[in-house]
Amino acid sequence: MLHRMAGVVCLVAWASAAGAQGRYYPDRFDWQRRSPAEAGMDAAALDAAVKFAIANENPAPRDLAVAHATSLGAAEPFDTPIGPHKPRSAANGLVIRHGRVVAEWGDTKAVDMTFSVTKTFLSTLVGLAWQKGLIRDVTDRARDYMPPGVDLFEDPHNQAITWEHLLRQTSDWKGTLWGKPDWADRPEGKPEEWANRTLHAPGTHYKYNDVRVNVLALAALHVWRRPLPEVLREEVMEPIGASSTWRWHGYENSWIDLDGRKVQSMTGGGHWGGGMFINAWDMARFGYLFLRNGRWNDRQIVSESWIAMARTPGPANAEYGYMNWFLNTGRKPLPSVPESSVTFRGNGQNIIYLDWQNDLVVVTRWIAPGKALDEFLGQVVRAIRSASSQ
């Protein structure tokens, strides 16, 4: 995998090394603030962006169980929640420039569902397994890592699925997990055809599918042989100074026997409830880790090579890297911000925006779907341009 990306890896490594000296990293209980002017931003323009985000809050019900029932749940079979939901807060968020907080709005300490941003936490743990040698190569078949009695990949169609396919949502895994058939997530075609859908060779077809994401979570659990929230806490969240308030929830029926103890397999989102419940500050820390190319203070937590792989467009979807690295290829998804920017996205919308060109991390929660996100982020970026033109 790496030989196809050597130039990207070297470029990221050089940029990281060149800017590593003098980087600021927030303490656990203190994140320094700067005025917009001190951070090279126009205060009025940034304030207008914040007001825009507040004014464009998602109009869906704040009771997320109701929101699910009236959106995805209204269009899907097997829609019964099997994980927790909770009512959400109002729109809130943070803007971080040059490592310091320059804007904050709403209740940023509210621990809310973050839906598919959970997928980025999950793929990061797969990356750490690769980094530690628990996974030899992402092009290996996932089946070869499963213990006897685990039949996730025993179906002939599933046997060729690799870690790379799962990470890019191109596995086309077929089957049922935790009572949810693969075809029941955003089903396509006529209802009478759902259960006998057209199969695609693994790696050739992109389909956003939470059943298959949950397959990756269970496969990763078998590789780590430890609860994934425990691994995430020790390997990532504690080193970056995250709070003690975040929780990663699985399903009520996603418990397995692992090495003589009951362990809950995690979810990759909140589609049927569960997933990562987290506040905006901890989301910002997670984003800042990747803005600094996986480094926190003097520790390289996530491999720069892994980040380069995660940021590489997939052959079946040029706007998607590893889950949930949404790429801005051709500036088609987000015309108002740099092509090199990345968003970690979850329903709601929950967004962590990374902008290496402008040294920005933006967390925005519960912004309306549609064009509001691009307009908001564009206003934030233009606030930098406004300041530089004065």
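Rings of Phe, Tyr and Trp (for Trp, its six-membered ring) are called a pair if their centres lie within 6.5 Å; planes under 30 degrees apart count as stacked, over 60 as edge-to-face and the rest as tilted. By that rule, a search of the whole structure turns up 20 aromatic pairs.

One of them joins W105 and F376, edge-to-face, at 5.7 Å centre to centre and with 70° between the planes. Here the pair links distant parts of the chain, since W105 belongs to strand β2 (residues 100–105) and F376 to helix α11 (residues 372–388), 271 residues apart. Helices (H or I, at least four residues) and strands (E, at least two) are DSSP runs, numbered from the N terminus. Both W105 and F376 are buried, meaning under 20% relative accessible area, while exposed is over 50% and partly exposed is in between (1.4 Å probe, protein chains only).

W325 and F344 make another edge-to-face pair, with 4.8 Å centre to centre and 70° between the planes. W325 lies in strand β11 (residues 325–327) and F344 in strand β12 (residues 342–346), so this pair ties together parts 19 residues apart in sequence. W325 counts as buried because its relative accessibility is 1%, and F344 does so at 0%.

Rings can also gather in a group: Y25, W31, W281, Y288 and W296 form one aromatic cluster.

Charges come next. A charge sits over a ring if NZ of Lys or CZ of Arg is within 6 Å of the ring centre and within 35 degrees of the ring normal. The charged end of R311 sits over the ring of W356, 3.7 Å from its centre, and R345 lies over the face of F326, 5.4 Å from the ring centre.

This is a predicted model, in which local features need pLDDT of at least 70 and side-chain atom pairs count only at pLDDT 80 or more, while totals for chains, interfaces and linings use all residues. Residues are numbered from 1 along each chain as its sequence is written, and side-chain values use heavy atoms, leaving out hydrogens and water.
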